[in-house]
Amino acid sequence: MPSLLEAFQSQVGRKILTGITGVLLVFFIIFHLAGNLAIFGDPDAMNSYSYFLHQFGPLLWIARIGLLLIFVIHAWIGISIWLKKRKARPVDYKVYSSKGGPSKQSLSSRSMAFTGVVLLIFVVFHINTFALGDMGDAMLADGTVVHDVKTLVIDTFQNPLYAFGYTFVMILLGAHLGHGIWSAFTSLTLRSKKASAVIYSIGVIAAIFIAVGFLVIPLYIYFGGGCDAALIHCN
Amino acid sequence: MSDMTINLKIWRQKNTNDSGHFEDYILAGVNEHMSFLEMLDVLNEKLIKEGNDPVEFDYDCREGICGSCNMVINGKAHGPKHKTAACQLHMRTYSDGDTIVIEPPRAGAFPVIKDLVVDRTALDRIIEAGGYISVKTGAAPEANLIPVEQDVSNQAFDYATCIGCGACVAACPNSSASLFTASKLSHLNRLPQGRPERSKRTIAMVEQMEKEGFGDCSNYAECEAVCPVGISISSIAEMRREYMKAIF
């Protein structure tokens, strides 16, 4: 009988852990997206949201560390599966193709390791740009002085490299989730064949919504949206 | 229907240590009614007559039951048809002048013995680890002694149809044996006769699968697509559930 620690290092245990961490990351992403979409709301909405989160103090740090841990476990297992794959098939096929039908092989599923690694690198840059970036202060309508994250976002996305780079990475996020959401359900023991087909479709639709939700923001800002509100120079 | 000429590109490997290579053959006189293996028989007769080494390939029943004939045909385990073993594939699937590439099922856990024949005893060792039930030997027990609900017995039978051909391993981009192991677990753990060893079996077979060097499952479901008996990856989801129950 393996200990729990050993059990979660087995092939089956690893997959369940990937599913659990994946689902948690999807919840986080949806939460994050809701915050981002605040840019389309009231002029103060984004900064007040950021201020609201900072009010949690130490709890916010616990959440951040927890999130980092979840992210690292998810990425670690994913990369190790990809590395093991070469060992498990030392001589590759000359000709290989999917048989179709129930197969879920697609550009999305076959590129999980690639999209995952890009997202991993992206997150490092992303935290550096927005969480650790130089932020001025802004005053909310009620006179509270807060970090001006909104201006930082609008400034950043004036740069085409950031605007289009982010857009591209968000397309990859959509591709990752296209297989990932369904895969997580299967890893977390979804047995019904009928429900599986429904969840696959819901997963793909959710992936598209999430990706589009994220990528409209850099594009919107780059093409001139949000400039008036921020009272800054736009191209 | 006139006979076809088929271009074959077949993996030839003398033994496990040989690095192997592809060899091209042009085979005339292929009849559409021939099974795929009969086509290979014709090729081998020709090779033997010419004094060459015939192409080694595995087969036994030639009626889709034994699972020996697993080979990868144009990149697909057991060829292009769903729920069809290579021996049940017929040459009418192909047209005159087609090129067919034939490779052994490739996985580190399936070392090539010769040409298209691989050593699949890794699957046997997974079975040895727990794919059995402990019963008293002797006369067969009375069939109705242990009542089993009809739908449970039907489901168990669906999983019991796994013929252990290893097409799931061959087709999986990660060379995972999850569908094989899961179908055995879903079959045995579901039935009252399999209950006493349920947890022990689940853990032991999962551990053995990894020890043999099969890769991780990434839920590609390609295994289900190539399975000659159409076992669903729902069984893999079930294996994960069984594993969770076993370790807690």
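This is a predicted model: local features need pLDDT of at least 70, side-chain atom pairs count only at pLDDT 80 or more; totals for chains, interfaces and linings use all residues.
**View 1. Chain A and the order of its elements.** Taken along the principal axes, the box filled by the C-alpha atoms of chain A is roughly 60 × 40 × 35 Å.

**View 2. The contact between chain A and chain B.** Chain A gives 44 residues to this contact, and chain B gives 43 residues. On the side of chain A that touches chain B, the elements that give two or more residues are helix 1 (4-7), helix 2 (11-36), helix 4 (58-88), helix 5 (107-110), helix 8 (160-187) and helix 9 (193-222) of chain A. Sorted by class, this side of chain A has 16 nonpolar, 15 polar and 13 charged residues.

**View 3. The two domains of chain B.** The domain assignment divides chain B into domain 1 (4-103) and domain 2 (121-247), and the C-alpha centres of domain 1 of chain B and domain 2 of chain B are 30 Å apart. The contact between them takes 13 residues from domain 1 of chain B and 12 residues from domain 2 of chain B. On the side of domain 1 of chain B that touches domain 2 of chain B, there are five nonpolar, six polar and two charged residues.

**View 4. The open sheet of chain B.** Five strands of chain B form an open sheet with mixed pairing, in the order 2-1-5-3-4. Strand 2 (21-30) and strand 4 (76-77) of chain B stand at the edges with a single partner strand each, so one side of each is left without a neighbour in the sheet. Strand 1 (residues 4-12) of chain B pairs with strand 2 of chain B in the antiparallel sense over eight bridges, and within strand 2 of chain B the bridge partner of B:Ile6 is B:Leu27. Strand 1 of chain B also runs parallel to strand 5 (residues 99-103) of chain B, to which four bridges join it, with B:Leu8 opposite B:Ile100 in strand 5 of chain B. Strand 3 (residues 72-73) of chain B runs antiparallel to strand 4 of chain B and is joined to it by two bridges; here B:Ile73 stands opposite B:Lys76 in strand 4 of chain B.

**View 5. Helix 3 of chain B against helix 5 of chain B.** Helix 3 (residues 150-160) of chain B and helix 5 (residues 178-188) of chain B pack with their axes 8 Å apart, at an angle of about 155°. An angle over 145 degrees counts as roughly antiparallel, and helix 3 of chain B and helix 5 of chain B are therefore roughly antiparallel to each other. Their crossing is left-handed. The contact is made by B:Ala156, B:Tyr159 and B:Ala160 of helix 3 of chain B, together with B:Ser183, B:Ser186 and B:His187 of helix 5 of chain B, and these residues divide into three nonpolar, three polar and no charged.

**View 6. Helix 6 of chain B against helix 8 of chain B.** The axes of helix 6 (residues 198-211) of chain B and helix 8 (residues 234-247) of chain B cross at roughly 115° and come within 9 Å, and the crossing is left-handed. From helix 6 of chain B, B:Ser199, B:Thr202, B:Ile203 and B:Val206 meet B:Glu242, B:Tyr243 and B:Ala246 in helix 8 of chain B. The residues of this contact divide into four nonpolar, two polar and one charged.

Conventions. Residues are numbered from 1 along each chain as its sequence is written. Chains are lettered from A and ligands numbered from 1 in the order in which they are written. Two residues are in contact if their C-beta atoms, placed from the backbone, lie within 7 Å. Ala, Val, Leu, Ile, Met, Phe, Trp, Tyr, Cys and Pro count as nonpolar, Asp, Glu, Lys and Arg as charged, and the others, Gly among them, as polar. Domain bounds come from an automatic or database domain assignment. Axes are lines fitted to C-alpha atoms, for helices over the stretch in contact, and angles run from 0 to 180 degrees between N-to-C directions. Angles under 35 degrees count as roughly parallel, over 145 as roughly antiparallel, 65 to 115 as roughly perpendicular and the rest as oblique. A crossing is left-handed if the near helix is turned anticlockwise from the far one by less than a right angle, and right-handed if clockwise. Two strands pair if DSSP finds at least two bridges between them.
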